[in-house]
Amino acid sequence: MQSNTARVLVGIGAVAAAVILLLVLKDDGGDDSTGDATTAAKAKPTGAGKGDAGQQKPAKPAVPTIVIRGGKPVGGIAEISVDEGERVRFKVRSDVAEEIHVHGYDIAKEVSAGGTVGFDFPATIEGIFEAELEHLGEQILELTVNP
Amino acid sequence: MIRLFETLPYAHALVARQDLPIPAWLFAWGASIVLIVSFFALSAAWREPRFEDEQRRSLGVGLSRALLGMPAQIICGGVGVFLLGVAVYAGLRGTEAPDRNFAITFLFVTVWLGFPAFSVVLGNVFKPFNPWRAIGRAVGGGFEALAGQRFAHARYPERLGRWPAAIGLLAFVWLEIVYGVSGGVAVGVEPHSAAVAALVYSAYTLTMMVVFGVEEWCERGEVFSVYFGMFSRLGIFGAEGGRLQHRKPLSAAGHWATLPGSTAVVIASIATTSFDGGQEGAFKGGIERVYEWLVDGGLDRTLSLRLTNTLFIALCFAGVALVYLIGVRGMSTVKGAPPLRKLLPGFAHTLIPIAFAYLFAHYFSLFVFQEQAQFGYLLSDPLGTATTDLFGTASSGIDFKVLSSNAIWYVQVGALVVGHVIALVLAHDRATAWWGDYRDAARSQYWMLAVMVAFTCFGLYLLSDANG
C-alpha cells in the first residue's frame, strides 16, 4: 500500500514536472511575449535629447533620457549597465511632479510636471538597483553596476 | 513629508541592492567542482556508519543551570514576547514603508533568516526565545497553581506529525512573497498585514497549545520551532533533561525525520527558496503566461497574480518532492533495500544541509545589509515615522559596500558546494547503516548522488546569469 502511495506521488510529481517544463520551454520558443524591456536607455546612441547634441563633446556617449508619461516609463523599465568606477548618467523627463529615488545609492531628486532632471554620479556600489517614482511606487530604471 | 509615504506602494523596497548573477564561468566552475567532489566521494567512501551515534557528552552543571535554568528561561521568554510585541505594534502603528518599519526586517530577516544560522552554530536557540512557548508555559503554570492539577490536553493525532508545520512554512513564505500585490506586481508584504498575520498566527498557535499541549505542539505544529529546530540538528550543541550537551557534528540530523511530515518540511524549505530565486528568472516566462491567461479569462489582476504564484510554489514543491522520490525509489531497487516506507523519511535529513545552503546562498547578502538597518535606524525609530530616536542611530543608513559582488559569488558557490558535500556524507552514512553489504550501500548511493547533484546544480543555476 505504501508502495502504491509512492507510485501515485511519483505520478503526480511527473505531471507537475511536465507542466513546468512545458511552461519554461514554451516560453523559450516565443521570447518576445515576456515583454522584454527595451527602452530609450538601451538604445544609447540614438536616445539622447536634442538639446544636448550641441554641447556634447564628440567622445562622450549621449545621455539616455527616460520619458515618463502618465506616471509610467515609456517603453517599459529602462536598463543601464555600467562598470564600477564609471559614472552613471541619465535624465528623466516627466509629465507628473514626482520624486525620483535611486535605491541603494539613495539619491533622490524632485522633478516638476513637464520638467527634466539629470542624474550624474559615480558607480561606487556593485549590484542591481532600482530607480523609482517614489510616490507612485513605479519602477522606471534597472541599474546594473558590474565589478 | 514622511507622513506622505504611508499609503503608498513600494516595489521590492526591502531589497535596495540585489545580487548580480553569478557569471557563467564561475557557474561552470561551481558545477564542475560539484561533480568532481561527488565522484571523489564515491571512491573515498567509508564502510561503517560514522554519524548514527551522537556520542553525547554533557557539559558542566553550572553552565547548564545558568543557561537552561528557570531565571534564564523567564528572561529569554520575556525578551521573545517583548520583541514580538514591538514588531506587532510597529506593524500596526508604524509606516507602511517596509524598509523603514521594524516589523518587516525583524520578522522576515532577523528572525526568519537569522535563526537557521544561529541554530546551526549554537543549537536550538529559538526554543527559549519562542514567545508562544513562553506564554503557553506561563499560562499552563498558572493553571496548575490555581487548579491544583495539570490541564488535560487532547491526544495529538500521530498521523498528522509535522504536516501542520510544513503547511505553515508554505503559508509563511506565501505571505512574505505572494500576498503583497500592488498594481499587478508582487511587492512583498506590508507591515500592517504582517502584524495582523502575526496576531492571527499567535491566536492559532496558543489555541493549539491549549488543545494539544505546549511542547507537543512546538515539536510538531509550531512552524518556527519545527523549522529552526530542524537546522539545529546539524550543529554540535543540544540539551536534554536540563543539561547542555555536546555531540558529534551532523549526528543529530539522522534522528530528526522520525515524525510523519518531516520530509515535507525540508522539501517545503528547498521549494520556497527555489521559487523565490526563480520567480524573476527561470519561472518568469511561465508565471507571466499563466498570469496573462487568468487575466484574459476575466479574473482580477491581484487575484490572478496571487493564484499564479501560489500555483508555482506548489509546482516547486512538487518538483523538489519528485526529484527526492526518484532518488528514494531508485535506492529501493538496490539489493537489500529496506521497505520504501522506511526509506522515504530515512533520507529526508540528508536534504537539511541542502536547504540550509539554499537559504545561505540566496539571502546571505540581504541579511548582511538588512541587519545594519535592524541595529541602526530600525532600533532607534522602529515605527519609521521619525518620531523617536531611542539610541541615537535613527539617521544611520546601510553601507552596501561592505560586500563586493565577488565576495557574494564565492560565498554563494561555497555554501552550495559545502551543503552538497555534507548531504552526500549524511546519505552515504545512512546507507552504510541500512544496507548489510557496503557494496550495495555504495550502489544505492548512485541514486542519492544524482539527487544531490540535481539540487546543487539547480541551486547554482538559480543564482547564475543563466537564470535570466
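Ground rules: I worked on a predicted model, where local features need pLDDT of at least 70, side-chain atom pairs count only at pLDDT 80 or more, and totals for chains, interfaces and linings use all residues. Residues are numbered from 1 along each chain as written, chains are lettered from A and ligands numbered from 1 in written order, and side-chain values use heavy atoms, without hydrogens or water.

Strands, chain A. I looked up β9(A), residues 138–146 (strands are DSSP runs of E, at least two residues, numbered from the N terminus; two strands pair if DSSP finds at least two bridges). I found β3(A), residues 78–83, parallel to β9(A) with six bridges; A:S81 has A:T144 as its bridge partner. I found β8(A), residues 127–133, antiparallel to β9(A) with seven bridges, and A:F129 opposite A:L143. β8(A) and β9(A) form a hairpin with four residues between them, and A:G137 in the turn has a positive phi of about 65°.

Cavities. I noted two of 30 Å³ or more (a cavity is a set of points on a 1 Å grid over the protein atoms alone where a 1.4 Å probe fits but cannot get out; lining residues have an atom within 4 Å of a point). The largest cavity holds about 40 Å³. Its lining includes B:F51, B:E52, B:H349 and B:D429.

Helices, chain B. I checked α18(B), residues 405–434, against α19(B), residues 438–463: their axes come within 10 Å and cross at roughly 165° (helices are DSSP runs of H or I, at least four residues; axes are lines fitted to C-alpha atoms over the stretch in contact, with angles from 0 to 180 degrees between N-to-C directions). I therefore logged α18(B) as roughly antiparallel to α19(B) (angles over 145 degrees).

Notes:
On a 1 Å grid over the protein atoms alone, a cavity is a set of points where a 1.4 Å probe fits but cannot get out, and a pocket is an open set with protein on both sides within 12 Å along at least five of seven lines; lining residues have an atom within 4 Å of a point. Grid points are joined across faces, edges and corners, and a volume is the space filled by probe spheres set on the points. Angles under 35 degrees count as roughly parallel, over 145 as roughly antiparallel, 65 to 115 as roughly perpendicular and the rest as oblique.
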